[in-house]
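Take a look at the structure shown here. The report below goes through its spaces, its sheet, its rings and its backbone.

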Amino acid sequence: MALTLYVDTARWRAHHKHVQEQFPGLVPVCKGNGYGFGHERLAEEATRLGSDVLAVGTTYEAARIKDWFGGDLLVLTPFRRGEEPVPLPDRVIRSVSSIDGVYGLVGARVVIEVMSSMKRHGVSEQDLPQLHAAIENVRLEGFAIHLPLDRTDGSDAVEEVIGWMDRLRAARLPLHTMFVSHLKAEELARLQQQFPQTRFRARIGTRLWLGDHEATEYRGAVLDVTRVAKGDRFGYRQQKAASDGFLVVVAGGTSHGVGLEAPKALHGVMPRAKGVARAGLATVNRNLSPFVWGGKQRWFAEPPHMQVSILFVPSDAPEPKVGDELVAHLRHTTTQFDRIVDR
């Protein structure tokens with residue numbers, strides 16, 4: 001009995017090809033937990049796509065994935081002096097976001113990140129005059145710009161990239177390759193048309209691996225079902241059942257990422273109101289689980305355990321049976337499955 005990730009493989013791969021066609025020169029991203037699929041699986045899928053470069057989050061990820069992918073590996077986390085050295089092959093390309101970082105990577109293959117409106121990391125316009133001397137002792141693979149997802153000020157992503165292209169060109173720095181993130185296909189095409197001598201390469205993870213929501217589905221297997229009456233005590237904390245129903249033990253607990261949630265950016269009155277309502281219910285131990293049974297998301301009977309969750313299903317719903325599977329609405333980037341099934 002397991003928490004299973006089911007993949008409609010043909011549909012999933014058809015989506016990959018569609019994204020690849022939209023973004024010529026696409027660089028797949030495989031970081032974190034491999035977007036829920038694992039590093040090894042995504043390395044195999046990137047090879048299937050014919051990718052020559054695979055982007056990873058850290059040097060540690062590069063070390064783990066190097067035996068699964070034969071092309072170049074682009075580490076997205078910028079190099080910092082004093083970081084723990086990790087043995088890596090020459091086909092690993094390091095991102096760098098400072099002049100000092102460039103000087104610290106003598107002989108290495110590097111991509112230089114410029115500071116975007118994200119204001120996360122990157123070289124500034126004031127740094128550009130110093131880059132000429134700095135890049136003499138590295139193998140420059142190109143520049144990169146990481147753009148925000150939302151533009152609440154109405155600014156244009158293409159114009160932001162153009163601004164940096166103009167600055168780099170004015171500084172007489174080589175512009176043979178520019179790696180970009182979070183651009184639409186039509187925006188990438190506009191840039192390629194305006195700068196035909198530069199190769200624009202989109203680094204894409206979420207849109208590539210998770211863009212077709214209907215291609216994947218998590219399900220947790222029912223391990224046990226116990227009928228309870230109103231007032232019966234149960235669980236670690238011996239709470240009382242609020243009504244007649246069933247305690248359903250389902251595969252999927254905190255070790256899988258069930259019950260864990262990343263903070264969300266809420267926009268608008270309704271999402272904020274729902275957030276307040278959820279917080280209020282949580283204070284009285286009412287937490288909605290990600291598991292669906294009888295067409296409804298069911299409540300946790302108590303906080304999820306390490307490998308299972310206990311749900312409360314009211315008596316007016318169909319009685320689950322051991323071996324049934326409950327669809328689970330889980331976030332891929334925070335979920336670890338027991339098994340993956342291609343179908």
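## Cavity and pocket

The largest cavity has a volume of about 40 Å³. The structure holds one cavity of 30 Å³ or more. This is a predicted model: local features need pLDDT of at least 70, side-chain atom pairs count only at pLDDT 80 or more, and totals for chains, interfaces and linings use all residues. Residues are numbered from 1 along each chain as its sequence is written, and side-chain values use heavy atoms, with hydrogens and water left out.

Rolling a probe the size of a water molecule over the atoms shows where empty space is left. A cavity is a set of points, on a 1 Å grid over the protein atoms alone, where a 1.4 Å probe fits but cannot get out. A pocket is an open set with protein on both sides within 12 Å along at least five of seven lines. Lining residues have an atom within 4 Å of a point. Grid points are joined across faces, edges and corners, and a volume is the space filled by probe spheres set on the points.

Which residues line the largest cavity? They are Glu-113, Val-114, Met-115, Ser-116, Met-118, Lys-119, Arg-120, His-121 and His-146. By class, this lining has three nonpolar, three polar and three charged residues. Here Ala, Val, Leu, Ile, Met, Phe, Trp, Tyr, Cys and Pro count as nonpolar, Asp, Glu, Lys and Arg as charged, and the others, Gly among them, as polar.

The largest pocket has a volume of about 1400 Å³. It is lined by 49 residues, and the closest to its centre are Tyr-35, His-182, Gly-205, Thr-206 and Arg-207. Elements that give two or more residues to the lining are strands E8 (177-181), E9 (199-204), E10 (216-228) and E17 (325-328) and helix H8 (206-210). H8 gives the most, with four residues. The pocket lining divides into 21 nonpolar, 16 polar and 12 charged residues.

## The sheet

Helices (H or I, at least four residues) and strands (E, at least two) are DSSP runs, numbered from the N terminus. Two strands pair if DSSP finds at least two bridges between them.

An open sheet of eight strands has the order E2-E9-E8-E7-E6-E5-E4-E3, with parallel pairing. Strands E2 (27-28) and E3 (53-56) stand at the edges, each with a single partner strand, so one side of each is left without a neighbour in the sheet.

| Pair | Bridges | Opposite residues |
|---|---|---|
| E4 (residues 72-75) and E5 | three, parallel | Val-75 and Arg-94 |
| E5 and E6 (residues 109-114) | three, parallel | Arg-94 and Val-110 |

Is strand E5 mostly covered or mostly uncovered? E5 (residues 92-96) is mostly covered, with five of its five residues buried. Buried means under 20% relative accessible area, exposed over 50%, and partly exposed in between (1.4 Å probe, protein chains only). In a regular strand the side chains alternate between the two faces of the sheet. In E5, Val-92, Arg-94 and Val-96 point one way, while Ile-93 and Ser-95 point the other way.

## Rings

Rings of Phe, Tyr and Trp (its six-membered ring) pair if their centres lie within 6.5 Å. Planes under 30 degrees apart count as stacked, over 60 as edge-to-face and the rest as tilted.

The structure holds three aromatic pairs. The Phe-195 and Phe-200 rings have centres 6.3 Å apart and planes at 55 degrees, so this pair is tilted. Phe-195 counts as buried at 7% relative accessibility, and Phe-200 counts as buried at 2%. One aromatic cluster is formed by Trp-12, Phe-37 and Trp-209.

A charge sits over a ring if NZ of Lys or CZ of Arg is within 6 Å of the ring centre and within 35 degrees of the ring normal. The charged end of Arg-167 sits over the ring of Trp-164, 4.9 Å from its centre. Arg-219 lies over the face of Tyr-6, at 5.0 Å from the ring centre.

## Backbone

Most residues other than glycine have a negative phi. Tyr-35 has a positive phi of about 55 degrees. It lies in the loop between E2 and helix H2 (39-48), and counts as buried at 6% relative accessibility. Gln-238 also has a positive phi, near 55 degrees. Its place is the loop between strands E11 (233-234) and E12 (239-240). At 40% relative accessibility, Gln-238 counts as partly exposed.
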